[in-house]
Amino acid sequence: MPTAALEIKAISAHPGPVPGKGAKRNEGDGVCKLIDVTTCIGCKACEVACLEWNGYPFHETKFDNTYQTMPDLQWNYYNLIRFNEHEFADGSFGLLMRKDQCMHCADPGCLRACPADGAIVQYSNGIVDFQQEYCIGCQYCVSGCPFNIPKFNSMTKKVHKCTLCSDRVAVGLEPACIKSCPTGCLHFGTKDDMKALAETRAAQLREQTAHTNAGVYDPPGVGGTQVMYVLHDIRNPEAYGGLPANPTIPLMVRLWKGPVKWLGGLAISLGLVGVVAHFLRFGPKEAHPIEEVHRP
Amino acid sequence: MPADFSTDRRTFLKLGTGAALASVLGFDLRPAYAQARELKIARTTETRSTCPYCSVSCGVIIHTLGDKAKNVTPQVVHVEGDPDHPINRGTLCPKGASLEQDIVNSRRLLKPQVRRPGSDHWENISWDQAIDEIARKVKKTRDDTFVATDPQGRTVNRCEGIAWSGGCTDTNEFNYLVVKSMRSLGVCYLETQARV
(Lines give C-alpha, C1' and ligand atoms only; values in the text may rest on other atoms or scores of the structure.)
Protein backbone atom coordinates (compact mmCIF):
# COMPACT_ATOMS: atom_id res chain seq x y z
CA MET A 1 0.00 0.00 0.00
CA PRO A 2 1.33 3.44 -0.88
CA THR A 3 0.71 4.96 2.56
CA ALA A 4 2.66 2.27 4.38
CA ALA A 5 5.93 4.13 3.80
CA LEU A 6 4.60 7.21 5.57
CA GLU A 7 3.26 5.35 8.58
CA ILE A 8 4.66 6.93 11.77
CA LYS A 9 6.80 4.60 13.82
CA ALA A 10 8.16 6.98 16.48
CA ILE A 11 7.48 10.54 17.57
CA SER A 12 9.99 12.85 19.28
CA ALA A 13 9.20 13.99 22.83
CA HIS A 14 5.79 12.35 22.74
CA PRO A 15 4.49 10.89 26.01
CA GLY A 16 3.24 7.36 25.59
CA PRO A 17 3.11 5.18 22.52
CA VAL A 18 2.52 6.40 18.97
CA PRO A 19 -1.20 7.03 18.57
CA GLY A 20 -2.83 4.52 16.27
CA LYS A 21 0.12 2.15 16.32
CA GLY A 22 -1.08 -1.39 15.96
CA ALA A 23 -4.57 -0.18 15.13
CA LYS A 24 -3.96 -0.76 11.44
CA ARG A 25 -5.42 -4.03 10.38
CA ASN A 26 -2.91 -6.67 9.55
CA GLU A 27 -3.04 -7.25 5.84
CA GLY A 28 -2.16 -10.87 6.48
CA ASP A 29 -1.53 -12.82 3.33
CA GLY A 30 -2.04 -9.89 0.98
CA VAL A 31 -4.68 -9.16 -1.60
CA CYS A 32 -6.89 -11.80 -3.14
CA LYS A 33 -9.21 -12.28 -6.05
CA LEU A 34 -12.18 -14.57 -5.45
CA ILE A 35 -13.96 -16.09 -8.45
CA ASP A 36 -17.36 -17.58 -7.74
CA VAL A 37 -17.77 -19.74 -10.84
CA THR A 38 -21.35 -20.56 -9.84
CA THR A 39 -22.49 -17.02 -10.66
CA CYS A 40 -20.38 -16.49 -13.78
CA ILE A 41 -22.56 -16.05 -16.87
CA GLY A 42 -19.68 -16.13 -19.33
CA CYS A 43 -20.22 -12.59 -20.60
CA LYS A 44 -16.46 -12.00 -20.93
CA ALA A 45 -16.61 -8.42 -19.69
CA CYS A 46 -13.48 -9.23 -17.66
CA GLU A 47 -11.66 -10.28 -20.82
CA VAL A 48 -12.48 -7.00 -22.53
CA ALA A 49 -11.70 -4.89 -19.46
CA CYS A 50 -8.34 -6.67 -19.15
CA LEU A 51 -7.42 -5.97 -22.77
CA GLU A 52 -8.56 -2.38 -22.48
CA TRP A 53 -6.62 -1.65 -19.32
CA ASN A 54 -3.44 -3.29 -20.55
CA GLY A 55 -3.70 -1.55 -23.91
CA TYR A 56 -3.64 -4.70 -26.00
CA PRO A 57 -5.49 -4.88 -29.31
CA PHE A 58 -8.70 -6.79 -29.68
CA HIS A 59 -8.02 -10.15 -31.24
CA GLU A 60 -9.60 -12.01 -34.01
CA THR A 61 -11.39 -14.75 -32.14
CA LYS A 62 -11.04 -18.36 -33.07
CA PHE A 63 -14.10 -20.58 -33.23
CA ASP A 64 -13.42 -23.97 -31.74
CA ASN A 65 -16.96 -25.38 -31.43
CA THR A 66 -17.38 -23.66 -28.09
CA TYR A 67 -18.23 -20.22 -26.75
CA GLN A 68 -14.62 -19.77 -25.65
CA THR A 69 -12.92 -16.75 -27.23
CA MET A 70 -9.82 -18.70 -28.21
CA PRO A 71 -8.27 -22.06 -27.36
CA ASP A 72 -5.67 -20.75 -24.89
CA LEU A 73 -4.23 -17.67 -23.25
CA GLN A 74 -1.78 -15.59 -25.28
CA TRP A 75 1.06 -13.27 -24.33
CA ASN A 76 -1.27 -10.32 -24.87
CA TYR A 77 -4.42 -12.05 -23.65
CA TYR A 78 -4.05 -12.49 -19.89
CA ASN A 79 -7.55 -13.57 -19.06
CA LEU A 80 -9.78 -16.18 -20.68
CA ILE A 81 -13.14 -17.60 -19.71
CA ARG A 82 -12.95 -21.33 -20.29
CA PHE A 83 -16.24 -22.91 -21.34
CA ASN A 84 -16.55 -26.57 -20.52
CA GLU A 85 -19.46 -28.74 -21.48
CA HIS A 86 -20.34 -30.90 -18.54
CA GLU A 87 -22.83 -33.62 -17.79
CA PHE A 88 -23.99 -33.51 -14.22
CA ALA A 89 -24.73 -36.56 -12.09
CA ASP A 90 -28.44 -36.37 -12.84
CA GLY A 91 -27.72 -36.45 -16.58
CA SER A 92 -28.47 -32.80 -17.16
CA PHE A 93 -26.19 -30.75 -19.36
CA GLY A 94 -24.47 -27.57 -18.29
CA LEU A 95 -21.60 -25.26 -19.05
CA LEU A 96 -18.89 -24.89 -16.46
CA MET A 97 -17.30 -21.49 -16.93
CA ARG A 98 -13.99 -20.63 -15.34
CA LYS A 99 -12.01 -17.43 -15.54
CA ASP A 100 -8.49 -18.58 -16.32
CA GLN A 101 -5.57 -16.30 -15.47
CA CYS A 102 -2.47 -16.23 -13.29
CA MET A 103 -3.20 -17.66 -9.85
CA HIS A 104 -0.49 -15.61 -8.07
CA CYS A 105 0.74 -18.53 -5.97
CA ALA A 106 2.24 -17.89 -2.56
CA ASP A 107 5.06 -20.20 -3.65
CA PRO A 108 5.31 -19.33 -7.34
CA GLY A 109 6.89 -21.94 -9.59
CA CYS A 110 7.71 -19.33 -12.22
CA LEU A 111 9.71 -17.29 -9.73
CA ARG A 112 11.57 -20.35 -8.51
CA ALA A 113 12.44 -21.45 -12.03
CA CYS A 114 13.53 -18.03 -13.30
CA PRO A 115 17.31 -17.62 -13.70
CA ALA A 116 17.23 -13.88 -14.52
CA ASP A 117 17.89 -11.54 -11.62
CA GLY A 118 14.77 -9.47 -10.96
CA ALA A 119 12.70 -10.70 -13.89
CA ILE A 120 9.99 -12.09 -11.60
CA VAL A 121 9.13 -10.46 -8.30
CA GLN A 122 6.58 -11.12 -5.58
CA TYR A 123 5.28 -7.99 -3.91
CA SER A 124 4.49 -7.87 -0.21
CA ASN A 125 0.78 -7.87 -1.11
CA GLY A 126 1.24 -11.29 -2.73
CA ILE A 127 1.11 -10.24 -6.38
CA VAL A 128 3.61 -12.08 -8.59
CA ASP A 129 4.74 -9.76 -11.35
CA PHE A 130 7.00 -10.13 -14.37
CA GLN A 131 9.51 -7.36 -15.02
CA GLN A 132 9.94 -7.65 -18.75
CA GLU A 133 13.00 -5.41 -18.86
CA TYR A 134 15.01 -8.04 -16.98
CA CYS A 135 13.45 -11.03 -18.76
CA ILE A 136 15.95 -12.99 -20.85
CA GLY A 137 13.30 -15.01 -22.68
CA CYS A 138 14.46 -18.46 -21.53
CA GLN A 139 10.86 -19.58 -20.75
CA TYR A 140 11.86 -21.56 -17.66
CA CYS A 141 8.87 -19.90 -15.97
CA VAL A 142 6.59 -21.55 -18.53
CA SER A 143 7.82 -24.97 -17.47
CA GLY A 144 7.81 -23.99 -13.79
CA CYS A 145 4.14 -22.97 -13.75
CA PRO A 146 1.71 -25.72 -12.69
CA PHE A 147 -1.20 -23.82 -14.24
CA ASN A 148 0.34 -23.23 -17.70
CA ILE A 149 -0.09 -19.45 -17.53
CA PRO A 150 3.03 -17.55 -18.72
CA LYS A 151 3.03 -16.99 -22.46
CA PHE A 152 6.01 -16.17 -24.64
CA ASN A 153 6.08 -13.29 -27.09
CA SER A 154 8.23 -14.61 -29.91
CA MET A 155 8.75 -11.12 -31.37
CA THR A 156 10.21 -9.43 -28.28
CA LYS A 157 11.44 -12.68 -26.64
CA LYS A 158 9.71 -11.74 -23.39
CA VAL A 159 7.19 -13.66 -21.30
CA HIS A 160 3.97 -12.05 -20.14
CA LYS A 161 1.10 -12.92 -17.82
CA CYS A 162 -1.64 -11.37 -15.70
CA THR A 163 -0.24 -8.75 -13.29
CA LEU A 164 -3.34 -8.72 -11.07
CA CYS A 165 -3.27 -5.06 -12.18
CA SER A 166 -0.37 -4.37 -9.79
CA ASP A 167 -0.39 -0.74 -10.96
CA ARG A 168 -4.05 -0.32 -9.97
CA VAL A 169 -3.78 -2.27 -6.72
CA ALA A 170 -0.73 -0.22 -5.68
CA VAL A 171 -2.83 2.95 -5.60
CA GLY A 172 -5.87 1.38 -3.97
CA LEU A 173 -7.93 0.47 -7.02
CA GLU A 174 -9.31 -2.98 -7.76
CA PRO A 175 -8.09 -4.92 -10.81
CA ALA A 176 -9.85 -4.07 -14.07
CA CYS A 177 -11.57 -7.47 -14.38
CA ILE A 178 -13.00 -7.25 -10.87
CA LYS A 179 -14.45 -3.82 -11.50
CA SER A 180 -16.17 -4.77 -14.74
CA CYS A 181 -17.86 -8.01 -13.62
CA PRO A 182 -21.61 -7.32 -13.95
CA THR A 183 -22.87 -10.33 -11.99
CA GLY A 184 -20.54 -9.77 -9.05
CA CYS A 185 -19.00 -13.20 -9.43
CA LEU A 186 -15.56 -11.61 -9.00
CA HIS A 187 -14.60 -10.28 -5.60
CA PHE A 188 -11.48 -8.50 -4.41
CA GLY A 189 -10.11 -7.88 -0.94
CA THR A 190 -7.67 -9.21 1.59
CA LYS A 191 -6.98 -12.89 1.52
CA ASP A 192 -8.54 -13.31 4.96
CA ASP A 193 -11.76 -11.58 3.91
CA MET A 194 -11.97 -13.51 0.67
CA LYS A 195 -11.43 -16.80 2.49
CA ALA A 196 -14.33 -16.02 4.81
CA LEU A 197 -16.52 -14.94 1.88
CA ALA A 198 -15.63 -18.05 -0.09
CA GLU A 199 -16.38 -20.39 2.79
CA THR A 200 -19.71 -18.68 3.41
CA ARG A 201 -20.66 -19.01 -0.24
CA ALA A 202 -19.56 -22.65 -0.41
CA ALA A 203 -21.57 -23.47 2.71
CA GLN A 204 -24.58 -21.72 1.21
CA LEU A 205 -24.24 -23.78 -1.98
CA ARG A 206 -23.95 -27.01 -0.01
CA GLU A 207 -26.96 -26.30 2.16
CA GLN A 208 -29.33 -24.53 -0.19
CA THR A 209 -28.59 -25.99 -3.61
CA ALA A 210 -27.96 -29.37 -5.16
CA HIS A 211 -24.19 -28.71 -5.22
CA THR A 212 -23.50 -30.67 -2.06
CA ASN A 213 -19.79 -30.92 -2.88
CA ALA A 214 -19.22 -27.21 -3.38
CA GLY A 215 -15.94 -25.99 -2.02
CA VAL A 216 -13.14 -23.47 -2.14
CA TYR A 217 -10.14 -23.97 -4.41
CA ASP A 218 -7.02 -22.67 -2.67
CA PRO A 219 -4.43 -25.35 -3.46
CA PRO A 220 -1.91 -25.95 -0.64
CA GLY A 221 0.57 -27.53 -3.09
CA VAL A 222 1.73 -24.05 -4.13
CA GLY A 223 1.28 -22.53 -0.69
CA GLY A 224 -2.18 -21.21 -1.47
CA THR A 225 -3.00 -18.73 -4.20
CA GLN A 226 -4.00 -15.07 -4.28
CA VAL A 227 -6.72 -16.11 -6.74
CA MET A 228 -9.32 -18.48 -5.31
CA TYR A 229 -12.31 -20.24 -6.82
CA VAL A 230 -15.64 -21.34 -5.42
CA LEU A 231 -16.42 -24.50 -7.40
CA HIS A 232 -19.67 -26.48 -7.69
CA ASP A 233 -17.74 -29.68 -7.17
CA ILE A 234 -14.44 -29.37 -5.38
CA ARG A 235 -13.67 -33.06 -5.96
CA ASN A 236 -13.35 -32.57 -9.70
CA PRO A 237 -11.56 -29.33 -10.55
CA GLU A 238 -10.27 -30.87 -13.81
CA ALA A 239 -13.75 -30.47 -15.25
CA TYR A 240 -13.23 -26.72 -15.24
CA GLY A 241 -10.90 -26.61 -18.23
CA GLY A 242 -8.07 -28.56 -16.68
CA LEU A 243 -7.73 -26.90 -13.30
CA PRO A 244 -5.21 -29.21 -11.58
CA ALA A 245 -6.53 -30.97 -8.49
CA ASN A 246 -3.26 -30.70 -6.61
CA PRO A 247 -0.89 -28.35 -8.43
CA THR A 248 2.75 -28.48 -7.41
CA ILE A 249 5.92 -27.01 -8.79
CA PRO A 250 7.41 -29.58 -11.19
CA LEU A 251 9.92 -31.93 -9.55
CA MET A 252 12.70 -31.02 -11.98
CA VAL A 253 12.33 -27.31 -11.20
CA ARG A 254 12.35 -27.98 -7.47
CA LEU A 255 15.42 -30.22 -7.78
CA TRP A 256 17.27 -28.00 -10.19
CA LYS A 257 16.62 -24.81 -8.23
CA GLY A 258 17.07 -26.52 -4.85
CA PRO A 259 19.50 -29.35 -3.93
CA VAL A 260 21.07 -29.70 -7.38
CA LYS A 261 21.91 -26.00 -7.48
CA TRP A 262 23.37 -26.24 -4.00
CA LEU A 263 25.34 -29.41 -4.83
CA GLY A 264 26.54 -27.88 -8.08
CA GLY A 265 27.83 -24.82 -6.27
CA LEU A 266 29.54 -27.11 -3.77
CA ALA A 267 31.12 -29.13 -6.57
CA ILE A 268 32.50 -26.00 -8.22
CA SER A 269 33.88 -24.71 -4.91
CA LEU A 270 35.46 -28.07 -4.08
CA GLY A 271 36.89 -28.22 -7.58
CA LEU A 272 38.56 -24.86 -7.08
CA VAL A 273 39.89 -25.96 -3.69
CA GLY A 274 41.15 -29.17 -5.32
CA VAL A 275 42.96 -27.24 -8.03
CA VAL A 276 44.68 -25.04 -5.46
CA ALA A 277 45.52 -28.06 -3.28
CA HIS A 278 46.92 -29.92 -6.30
CA PHE A 279 49.05 -26.89 -7.17
CA LEU A 280 50.39 -26.65 -3.62
CA ARG A 281 51.10 -30.40 -3.38
CA PHE A 282 52.50 -31.12 -6.83
CA GLY A 283 53.41 -27.67 -8.09
CA PRO A 284 52.94 -26.42 -11.62
CA LYS A 285 52.85 -28.84 -14.47
CA GLU A 286 56.21 -28.93 -16.19
CA ALA A 287 56.23 -28.87 -19.90
CA HIS A 288 58.14 -31.82 -21.31
CA PRO A 289 60.74 -30.96 -23.89
CA ILE A 290 59.18 -31.36 -27.30
CA GLU A 291 60.73 -34.16 -29.24
CA GLU A 292 61.37 -33.54 -32.84
CA VAL A 293 58.79 -35.33 -34.92
CA HIS A 294 59.93 -36.21 -38.34
CA ARG A 295 57.13 -36.34 -40.75
CA PRO A 296 57.67 -38.42 -43.80
CA MET B 1 47.95 21.94 1.51
CA PRO B 2 45.50 21.49 -1.37
CA ALA B 3 44.60 17.90 -2.10
CA ASP B 4 45.68 16.64 -5.46
CA PHE B 5 42.67 15.13 -7.23
CA SER B 6 44.31 14.84 -10.60
CA THR B 7 44.91 11.36 -11.97
CA ASP B 8 47.21 10.33 -14.71
CA ARG B 9 46.00 8.25 -17.63
CA ARG B 10 47.26 4.98 -16.20
CA THR B 11 45.42 5.39 -12.87
CA PHE B 12 42.23 6.40 -14.66
CA LEU B 13 42.32 3.30 -16.85
CA LYS B 14 43.02 1.12 -13.82
CA LEU B 15 40.04 2.58 -11.94
CA GLY B 16 37.78 2.31 -14.97
CA THR B 17 38.69 -1.30 -15.60
CA GLY B 18 38.23 -2.08 -11.93
CA ALA B 19 34.73 -0.55 -11.86
CA ALA B 20 33.72 -2.39 -15.02
CA LEU B 21 34.98 -5.67 -13.59
CA ALA B 22 33.16 -5.03 -10.30
CA SER B 23 29.82 -4.48 -12.05
CA VAL B 24 30.34 -7.50 -14.29
CA LEU B 25 31.08 -9.66 -11.28
CA GLY B 26 27.72 -8.91 -9.72
CA PHE B 27 28.07 -5.68 -7.79
CA ASP B 28 24.81 -4.09 -8.88
CA LEU B 29 24.54 -0.34 -8.67
CA ARG B 30 20.81 -0.16 -9.46
CA PRO B 31 18.15 0.18 -6.75
CA ALA B 32 17.27 -3.30 -5.60
CA TYR B 33 13.50 -3.09 -5.65
CA ALA B 34 10.96 -3.55 -8.40
CA GLN B 35 8.82 -0.67 -9.50
CA ALA B 36 5.17 -1.26 -10.23
CA ARG B 37 4.01 0.10 -13.54
CA GLU B 38 2.93 3.71 -13.63
CA LEU B 39 -0.83 4.09 -13.29
CA LYS B 40 -1.96 5.27 -16.68
CA ILE B 41 -4.94 7.20 -15.31
CA ALA B 42 -3.06 8.93 -12.49
CA ARG B 43 -3.26 12.40 -14.04
CA THR B 44 -6.16 12.08 -16.47
CA THR B 45 -9.24 14.28 -16.57
CA GLU B 46 -12.31 12.29 -15.51
CA THR B 47 -15.58 12.94 -17.30
CA ARG B 48 -18.79 11.18 -16.31
CA SER B 49 -20.96 9.98 -19.12
CA THR B 50 -23.49 7.33 -20.12
CA CYS B 51 -22.80 4.22 -22.14
CA PRO B 52 -24.54 4.70 -25.50
CA TYR B 53 -25.35 1.09 -26.31
CA CYS B 54 -28.36 -0.54 -24.67
CA SER B 55 -31.25 0.83 -22.67
CA VAL B 56 -29.68 -0.03 -19.32
CA SER B 57 -27.69 3.21 -19.59
CA CYS B 58 -24.73 2.37 -17.40
CA GLY B 59 -22.66 5.23 -16.07
CA VAL B 60 -19.07 5.41 -17.31
CA ILE B 61 -16.05 7.54 -16.53
CA ILE B 62 -14.08 8.70 -19.54
CA HIS B 63 -10.42 9.30 -18.78
CA THR B 64 -8.88 11.93 -21.02
CA LEU B 65 -5.18 12.64 -21.39
CA GLY B 66 -4.23 16.22 -20.70
CA ASP B 67 -5.06 18.64 -17.91
CA LYS B 68 -7.22 20.91 -20.11
CA ALA B 69 -4.27 23.21 -20.79
CA LYS B 70 -4.79 25.49 -23.76
CA ASN B 71 -2.27 23.90 -26.08
CA VAL B 72 -3.37 20.33 -25.54
CA THR B 73 -5.73 18.39 -27.73
CA PRO B 74 -7.30 15.93 -25.30
CA GLN B 75 -7.32 12.27 -26.17
CA VAL B 76 -9.39 9.55 -24.55
CA VAL B 77 -7.09 6.95 -23.01
CA HIS B 78 -9.39 4.83 -20.89
CA VAL B 79 -13.06 4.23 -20.13
CA GLU B 80 -14.37 2.34 -17.14
CA GLY B 81 -17.54 2.04 -15.12
CA ASP B 82 -18.70 4.78 -12.77
CA PRO B 83 -18.86 3.39 -9.21
CA ASP B 84 -21.18 6.25 -8.15
CA HIS B 85 -23.77 5.42 -10.79
CA PRO B 86 -26.81 3.71 -9.23
CA ILE B 87 -27.47 1.48 -12.22
CA ASN B 88 -24.15 -0.30 -12.71
CA ARG B 89 -22.07 0.76 -9.67
CA GLY B 90 -18.83 0.53 -11.62
CA THR B 91 -19.51 -2.63 -13.59
CA LEU B 92 -19.83 -2.87 -17.34
CA CYS B 93 -20.74 -5.52 -19.88
CA PRO B 94 -18.16 -6.61 -22.48
CA LYS B 95 -19.56 -4.20 -25.03
CA GLY B 96 -19.51 -1.31 -22.60
CA ALA B 97 -16.02 -2.23 -21.41
CA SER B 98 -14.78 -1.73 -24.97
CA LEU B 99 -16.07 1.86 -25.16
CA GLU B 100 -12.59 3.32 -25.55
CA GLN B 101 -12.41 1.69 -28.97
CA ASP B 102 -15.77 3.19 -29.85
CA ILE B 103 -14.25 6.63 -29.35
CA VAL B 104 -10.71 6.11 -30.57
CA ASN B 105 -11.49 4.43 -33.86
CA SER B 106 -10.53 5.20 -37.40
CA ARG B 107 -13.98 4.09 -38.57
CA ARG B 108 -15.86 6.43 -36.26
CA LEU B 109 -18.36 8.74 -38.03
CA LEU B 110 -17.48 12.37 -37.43
CA LYS B 111 -19.91 14.03 -39.88
CA PRO B 112 -23.61 13.64 -40.66
CA GLN B 113 -24.15 11.27 -43.53
CA VAL B 114 -27.04 10.82 -45.91
CA ARG B 115 -27.97 8.12 -48.36
CA ARG B 116 -30.20 9.65 -51.02
CA PRO B 117 -33.16 7.70 -52.42
CA GLY B 118 -31.86 5.27 -55.02
CA SER B 119 -28.24 5.87 -54.09
CA ASP B 120 -25.92 3.03 -53.17
CA HIS B 121 -23.57 4.94 -50.88
CA TRP B 122 -23.48 7.34 -47.99
CA GLU B 123 -22.26 10.90 -48.55
CA ASN B 124 -20.92 13.36 -46.01
CA ILE B 125 -22.87 16.56 -45.52
CA SER B 126 -22.39 19.51 -43.20
CA TRP B 127 -24.35 19.93 -39.98
CA ASP B 128 -26.03 23.03 -41.41
CA GLN B 129 -27.17 21.14 -44.45
CA ALA B 130 -28.34 18.18 -42.37
CA ILE B 131 -30.43 20.33 -40.02
CA ASP B 132 -31.85 22.26 -42.95
CA GLU B 133 -32.84 19.11 -44.81
CA ILE B 134 -34.35 17.50 -41.73
CA ALA B 135 -36.38 20.62 -41.03
CA ARG B 136 -37.71 20.69 -44.57
CA LYS B 137 -38.64 17.01 -44.46
CA VAL B 138 -40.35 17.40 -41.10
CA LYS B 139 -42.35 20.36 -42.43
CA LYS B 140 -43.33 18.53 -45.62
CA THR B 141 -44.24 15.29 -43.81
CA ARG B 142 -46.31 17.13 -41.25
CA ASP B 143 -48.14 19.10 -43.94
CA ASP B 144 -48.87 15.88 -45.86
CA THR B 145 -49.98 13.69 -42.97
CA PHE B 146 -51.58 16.07 -40.50
CA VAL B 147 -55.01 14.93 -39.33
CA ALA B 148 -57.10 17.77 -37.92
CA THR B 149 -60.26 15.79 -37.19
CA ASP B 150 -61.08 12.11 -36.98
CA PRO B 151 -63.92 10.48 -39.02
CA GLN B 152 -66.43 11.37 -36.31
CA GLY B 153 -65.51 15.01 -36.69
CA ARG B 154 -63.75 15.35 -33.37
CA THR B 155 -60.65 17.56 -33.26
CA VAL B 156 -57.48 15.45 -32.86
CA ASN B 157 -54.69 17.56 -34.49
CA ARG B 158 -52.26 14.68 -34.89
CA CYS B 159 -49.37 14.07 -37.23
CA GLU B 160 -49.28 10.40 -38.15
CA GLY B 161 -46.34 10.50 -40.53
CA ILE B 162 -43.61 11.08 -37.98
CA ALA B 163 -42.35 8.89 -35.16
CA TRP B 164 -39.68 9.71 -32.57
CA SER B 165 -37.34 7.18 -31.06
CA GLY B 166 -35.06 8.29 -28.24
CA GLY B 167 -31.68 6.86 -27.32
CA CYS B 168 -30.45 5.62 -23.98
CA THR B 169 -28.17 8.60 -23.32
CA ASP B 170 -31.12 11.02 -23.40
CA THR B 171 -31.49 12.78 -20.08
CA ASN B 172 -34.72 13.74 -18.36
CA GLU B 173 -34.22 17.32 -19.49
CA PHE B 174 -33.63 16.29 -23.07
CA ASN B 175 -36.70 14.05 -23.05
CA TYR B 176 -38.78 16.91 -21.65
CA LEU B 177 -37.79 19.00 -24.66
CA VAL B 178 -38.48 16.07 -26.99
CA VAL B 179 -42.02 15.67 -25.66
CA LYS B 180 -42.67 19.42 -25.81
CA SER B 181 -41.43 19.78 -29.39
CA MET B 182 -42.92 16.56 -30.74
CA ARG B 183 -46.32 17.10 -29.11
CA SER B 184 -46.36 20.60 -30.59
CA LEU B 185 -46.04 18.99 -34.02
CA GLY B 186 -48.82 16.55 -33.15
CA VAL B 187 -46.56 13.48 -33.13
CA CYS B 188 -48.18 10.53 -31.33
CA TYR B 189 -45.57 7.84 -31.84
CA LEU B 190 -43.11 8.79 -29.12
CA GLU B 191 -40.82 6.00 -28.05
CA THR B 192 -37.67 5.71 -26.04
CA GLN B 193 -35.10 2.97 -25.89
CA ALA B 194 -35.77 2.54 -22.18
CA ARG B 195 -39.07 0.85 -23.08
CA VAL B 196 -37.74 -1.42 -25.79
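In chain A, strand β1 and strand β10 (residues 227-231) pair in the parallel sense over four bridges; strands here are DSSP E runs of at least two residues, numbered from the N terminus, and two strands pair if DSSP finds at least two bridges between them. It's a predicted model, so to speak of local features takes pLDDT of at least 70, side-chain atom pairs count only at pLDDT 80 or more, and totals for chains, interfaces and linings use all residues. Residues are numbered from 1 along each chain as its sequence is written, while chains are lettered from A and ligands numbered from 1 in the order in which they are written.

**Who sits next to β1(A)**
- On the β10(A) side, Leu34(A) stands opposite Met228(A).
- With strand β8 (residues 186-190) of chain A, β1(A) pairs in the antiparallel sense over five bridges.
- There, Cys32(A) stands opposite Gly189(A), and Leu34(A) stands opposite His187(A).

**The whole sheet**
- These strands belong to an open sheet of four in chain A, ordered β8-β1-β10-β9, with mixed pairing.
- The edge strands are β8 and β9 (215-217) of chain A, each pairing on one side only.

**How hidden is β1(A)?**
- Six of the six residues of β1(A) (residues 31-36) are buried, so the strand is largely enclosed by the rest of the structure; buried means that 20 or more other C-beta atoms, placed from the backbone, lie within 10 Å of a residue's own.
- Val31(A), Lys33(A) and Ile35(A) point one way, and Cys32(A), Leu34(A) and Asp36(A) point the other way.

**Over in chain B**
- For helix α5 (residues 172-185) of chain B, the number of buried residues is zero out of 14, so this helix lies largely in the open; helices are DSSP H or I runs of at least four residues.
- Just after α5(B), Gly186(B) takes a positive phi of about 90°.

Conventions
A residue is buried if 20 or more other C-beta atoms lie within 10 Å of its own, exposed if 12 or fewer, and partly exposed in between; C-beta atoms are placed from the backbone.
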